[in-house]
Amino acid sequence: MRVAVVGGGTGGLCLAHGLVRAGVEVAVYERSRTRTERLQGYRVHIDPHGAAALHECLPSDAWQRFLATTGESAHEFAFVTEQLRELAVMREPDAADPANAHHSVSRISLHQVLSTGLDGILWHDKEFVRYEPGPKGVTLHFADGTTADADLVIGADGANSRVRAQLLPHARRVDTGIVVIAGKYPVSGDFGRFTAGPNYVLPPPGAGMFTTPHLFPQVAVNDETAAVDPVLFENTGSYVMWGYGARARRFPSGLSELDGGGLRETVLELTRGWHPDLVCLVEESPDGSVSRLPILTSIPVKPWEPGPVSLLGDAVHSMTPFRGIGANTALRDAQLLCRKLSAGGDVRVAVGEYEREMRKYGFKAVRTSARSAEQFVSESRLGRVATRGMFRAMGAVAKLRG
């Protein structure tokens, strides 16, 4: 069996490693011309689902390298007001097994780990154009005029997937009408609540903010992209990532034309009167680290007939970032599909079983994430008061248990 993976992102590369370990012939085709093109500079949260998938699919040396590049574990998750008054602080102990734990990792570090050890398997500068089914498999066509043949094609080419556009032309992504402006505040020591763990900030109705630390106890990886952009691509220094979100209409017109400095000033204006530490977090973030993120989500589609082409990750169930589960769901896809394909038997049956399970948990994650996005920017005053009250009650219960 020859498997072709279109897209060298988190899910596609994890799948490739798993298939290699299972003895399955696999090739990954990535449109980027080099390994360092279009890398993203923010951190990603790996939950126990994602950690288990990485542990199962990666060879042991790559798994250990992943662990070596993760930030320090955060043990607290707090819900606070815009004046940093604590509503609830949830604490959880360290997991005994790293494969069943939460991890903070730079997206760049994760990509470096996943793209290593795939010589002769990962092919760059291969922009997918279309596929063509045939009696003996599927032929992939690339923008450079070349082709490749496979028995099974997996579209792991992200939210704007060309594989999905051909396989499921009726599948859609929609704009939620929410915009997030995100940035990175470099830290070199303790910064109170911001370095203790993630924070969900509940200001007055109409907006929301989150902060999350990515802290290194020591230098972890020398990042070859640092010379390109020492702020966005800085990969070994500790920082606090923040994101301010609201419906697009609450932002001034021309937001898409602003550079990082302009976006930062916009957030400062919208957070006027908030706690000085929150203001400092935004004010001291370098221009190059601040960016605008329109929030889109996929619309769940009905089951389709399994065949020699399937989908994985954002290519099928793109979701909002408000639950931090997109990358983990893609890793879960990779783990599940690898298990099904390496078990032997009819490939189409294996793909059908994978798709049936993936649709269930994948689109559930889409719906859950969409609800979280709506709650994040809720414009209901009564709803925001009720939410604050709920978290205060949770905090009181947590203190009693502690």
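User: Which residues in α4 do Ala-62, Arg-65, Phe-66 and Thr-69 in α3 meet?

Analyst: Contact here means heavy atoms within 4.5 Å. In this case, those α3 residues meet Ser-109, Leu-110, Gln-112 and Val-113 in α4. By class, that contact has four nonpolar, three polar and one charged residues. Keep in mind that this is a predicted model, where local features need pLDDT of at least 70, side-chain atom pairs count only at pLDDT 80 or more, and totals for chains, interfaces and linings use all residues. Residues are numbered from 1 along each chain as its sequence is written, and side-chain values use heavy atoms, leaving out hydrogens and water.

User: How do I read the way α3 and α4 cross?

Analyst: Two packed helices are described by the angle between their axes and the distance between the axes. Here, the axes of α3 (residues 60-69) and α4 (residues 107-115) come within 9 Å and cross at roughly 170°. So α3 is roughly antiparallel to α4 (that label goes to angles over 145 degrees). The crossing is right-handed.

User: Is Thr-211 buried or exposed?

Analyst: Buried means under 20% relative accessible area, exposed over 50%, and partly exposed in between, with a 1.4 Å probe and protein chains only. Thr-211 counts as buried because its relative accessibility is 1%. You'll find Thr-211 in strand β14 (residues 207-214), and it touches residues including Phe-194, Pro-198, Trp-242 and Leu-281.

User: And where does Gly-192 lie?

Analyst: Look in the loop between β12 (173-186) and α6 (193-196). Gly-192 has 37% relative accessibility, so it counts as partly exposed.

Methods: Helix = DSSP H or I, 4+ residues; strand = E, 2+ residues; numbered from the N terminus. Axes fitted to C-alpha atoms, helices over the stretch in contact; angles between N-to-C directions. Parallel < 35°, antiparallel > 145°, perpendicular 65-115°, else oblique. Left-handed = near helix turned anticlockwise from the far one by under 90°. Nonpolar A, V, L, I, M, F, W, Y, C, P; charged D, E, K, R; others polar. Lists of a residue's contacts leave out its neighbours within four places in sequence.
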